[in-house]
Amino acid sequence: MDSTLSLEVMIQKLDVLMSQETVSVAAVNKLLESYDASRGDWQRYGQTFDAVRYTRTRVWGNKNYNLLVLAWDQGQGSAIHDHENSVCFMKILDGALTETRFSWAKSTGNEDDQEIRVVGSRTLQRNGVAFITDQIGLHAMNNKSNSDKCVSLHLYSPPFEECGVFGADGQALPRSKLTFCKDHAVKSLVPSSTEIAESVKRGCVFDQAEFEALAAAQAVPPQ
Ligand SMILES: [Fe+2]
């Protein structure tokens, strides 16, 4: 872990990696792993706890990706959701977050399969990094602690404005808009809704062999 790598420099490096025609998921994963959350320079984005639900703060955003900090109070969690054909990386900055993974039609390849099944779960501790795509599955994230808050960093490429949300029975619920309680992105760099819709259709182009190797390495233990 590189204690000299600041959040600012990591973002500069992410800008370069995420602007490639084919994104190296291994390189993004390695860069996120190398950032040491104990340096605490993310804290100016991570103090937005809300008693009702977890909050999102956008740290940085451009046409290639969004970088968000999510603040989870004790016991808060997300619904089961997809990622709009984007790739989603997560890194725990403080506390711990439990990921419960689900299979669905896009991960089983069976479009008739409407049932959502639990694949497994794991708890990511501080500095832990994981990634997910719709091809890998759906997930729900929870801060299961009743004593500790959690802060996590999320990278979505390409950026998206809303995602699919599902009940435990597999039923699609009203889609969720990704709202930000604070937004630090430079407005001139943030794409329009039309541009976002176009890039969501294209999805993220990443190296397939790397993708498969990393997905296997980060497989969630069966529940
Ligand atoms: Fe997610």
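Which residue of β9 does K91 stand opposite? I looked this up in the model, which is predicted, and found that K91 stands opposite L153.

**Entry: β4 and β9.** I then examined the two strands themselves. Strand β4 covers residues 87-94 and strand β9 covers residues 150-157. I found 7 bridges between β4 and β9, and their pairing is antiparallel.

**Entry: the whole sheet.** I next traced the neighbours on either side. The sheet is open and has 6 strands, ordered β7-β4-β9-β2-β1-β12, with mixed pairing. At its edges I noted β7 (129-132) and β12 (182-183); each has a single partner strand, so one side of each lacks a neighbour in the sheet.

Entry: I turned to strand β1, residues 55-61. Is β1 mostly covered or mostly uncovered? I recorded β1 as mostly covered, with 6 of its 7 residues buried. Strand β2, residues 66-72, runs antiparallel to β1, and 6 bridges join the two. Within this pair, I identified V69 in β2 as the bridge partner of T57.

**Entry: β1 and β12.** I finally checked how β1 pairs with β12. These two strands run parallel and are joined by 2 bridges. Which residue in β12 is the bridge partner of R58? I found D183 in that position.

**Entry: a reminder on faces.** I keep in mind that side chains in a regular strand alternate between the two faces of the sheet.

Definitions and conventions:
Residues numbered from 1 in each chain as written. Predicted model: local features only at pLDDT ≥ 70, side-chain atom pairs only at ≥ 80, totals over all residues. Pairing = 2+ DSSP bridges. Helix = DSSP H or I, 4+ residues; strand = E, 2+ residues; numbered from the N terminus. Buried ≥ 20, exposed ≤ 12 C-beta atoms within 10 Å, placed from the backbone.
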